[in-house]
Amino acid sequence: MLNYKFKIGTKIQCSNEIPTSLIDSKGYALKFYCTNCQTPNKFLIKPYETGYSIDHLFLENKYISKAELLQNKVVQIPPKGYEYLGELLLDKINALYEICNCANCSKTFILVFGCGELQPGRESLLISGIWNIEKSD
Ligand SMILES: [Zn+2]
């Protein structure tokens with residue numbers, strides 16, 4: 001977990017395709033290269049198990065501000081009629097985050113994603129992205 005305020009850095013390209021529907025209970029491995037040491041990294045998303053609510057990050061501006069998350073297009077404000085789901089969403093589902101570290105050099109990244117029914121009866125996995133994060137003062 002984080003114990004410091006941070007800023008969103010550059011976005012990292014995933015090196016594999018993740019299906020957007022057909023939730024697989026075994027989960028989906030997201031692959032990306034560390035921007036510091038180029039080591040291939042893998043992070044397993046298990047739908048409805050992995051991730052913490054993004055609210056934890058911006059409540060009371062504890063780790064980051066809502067404005068910074070919006071500016072960097074990490075999340076969006078809810079569309080009309082979906083405000084009850086939360087202050088910041090991914091499309092129409094709750095936004096979750098995970099902090100991950102490079103397996104080799106321990107560089108820290110944030111991964112933002114969401115799982116839910118975008119359409120009735122159709123479970124979706126949305127990946128907003130992986131970003132480098134930087135300590136801020
Ligand atoms: Zn690394």
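A nonpolar core is defined here as a set of buried Ala, Val, Leu, Ile, Met, Phe, Trp, Tyr and Cys residues joined through side-chain atoms within 4.5 Å. Buried denotes under 20% relative accessible area, exposed over 50%, and partly exposed the range in between, with a 1.4 Å probe and protein chains only. The structure is a predicted model, in which local features need pLDDT of at least 70 and side-chain atom pairs count only at pLDDT 80 or more, whereas totals for chains, interfaces and linings use all residues. Residues are numbered from 1 along each chain as its sequence is written, and side-chain values use heavy atoms, with hydrogens and water left out.

The largest nonpolar core comprises 22 residues, of which F6, I54, L69 and I110 touch the most other members. Two or more residues are given to this core by each of β1 (6-12), α1 (55-58), β7, β8 and β9 (122-135); helices (H or I, at least four residues) and strands (E, at least two) are DSSP runs, numbered from the N terminus. Strand β9 provides the largest share, three residues. The contacts of I110, taken as heavy atoms within 4.5 Å, include F6, I8, L57, Y97, I99, I130, W131 and I133, when neighbours within four places in sequence are left aside. Another core, of 17 residues, lies apart from the largest one and has F32, C34, F43 and I130 among its members. In soluble globular proteins, nonpolar side chains tend to be buried together.

An open sheet of five strands is found in the order β1-β9-β8-β7-β4, with antiparallel pairing. Its edge strands are β1 and β4 (52-53), each of which pairs on one side only. Two strands are taken to pair if DSSP finds at least two bridges between them. Strands β8 and β9 are joined by 10 bridges and run antiparallel, while five bridges join β1 to β9, also in antiparallel fashion. Within these pairings, I12 stands opposite I130 in β9, F109 opposite N132 in β9, and G114 opposite L126 in β9. The hairpin of β8 and β9 has two residues between the strands, and G121 takes a positive phi near 80° there.

Polar residues also occur at buried positions. N132, placed in strand β9, counts as buried because its relative accessibility is 5%. The side chain of N132 is joined to that of T10 by a polar contact of 2.8 Å; such a contact is a pair of N or O atoms within 3.5 Å, where, within protein, one must be able to donate a hydrogen and the other to accept it, and residues adjacent in sequence count only if both atoms are side-chain atoms. Beyond four places in sequence, the contacts of N132 include K7, I8, T10, I12, T35, K107 and F109.

A zinc ion has as its protein donors C34 (SG), C37 (SG), C102 (SG) and C105 (SG), lying 2.3 Å from the ion. Donors are N, O and S atoms within 2.8 Å of the metal (3.2 Å for Na, K and Ca); water is not among the atoms, so sites may look incomplete. The arrangement is tetrahedral because the four donor atoms subtend angles of 105 to 116°, the criterion for four donors being that all angles lie between 85 and 135 degrees. Along the chain, the donors follow the spacing C-x2-C-x64-C-x2-C. C37 lies in the loop between β2 (28-33) and β3 (40-45) and C102 in the loop between β7 (96-101) and β8 (108-119), so the pair ties together parts that are 65 residues apart in sequence. C37 is partly exposed, with a relative accessible area of 26%, whereas C102 is buried at 3%.

T39, in the loop between β2 and β3, counts as buried at 19% relative accessibility. Residues up to four places away in sequence not being counted, T39 touches F32, Y33, C34, C102 and N104. N41 lies in strand β3 and is buried, with a relative accessible area of 7%. The side chain of N41 reaches the backbone nitrogen of A103 at 2.8 Å, and among the residues that N41 touches beyond four places in sequence are C34, N101, C102 and A103.

Elsewhere, E83 lies in the loop between α2 (66-71) and β5 (89-90). E83 is partly exposed at 47% relative accessibility, and its side chain reaches the backbone nitrogen of G81 at 2.9 Å.

Notes. Tetrahedral: all angles 85-135°; square planar, octahedral: opposite > 155°, others 65-115°.
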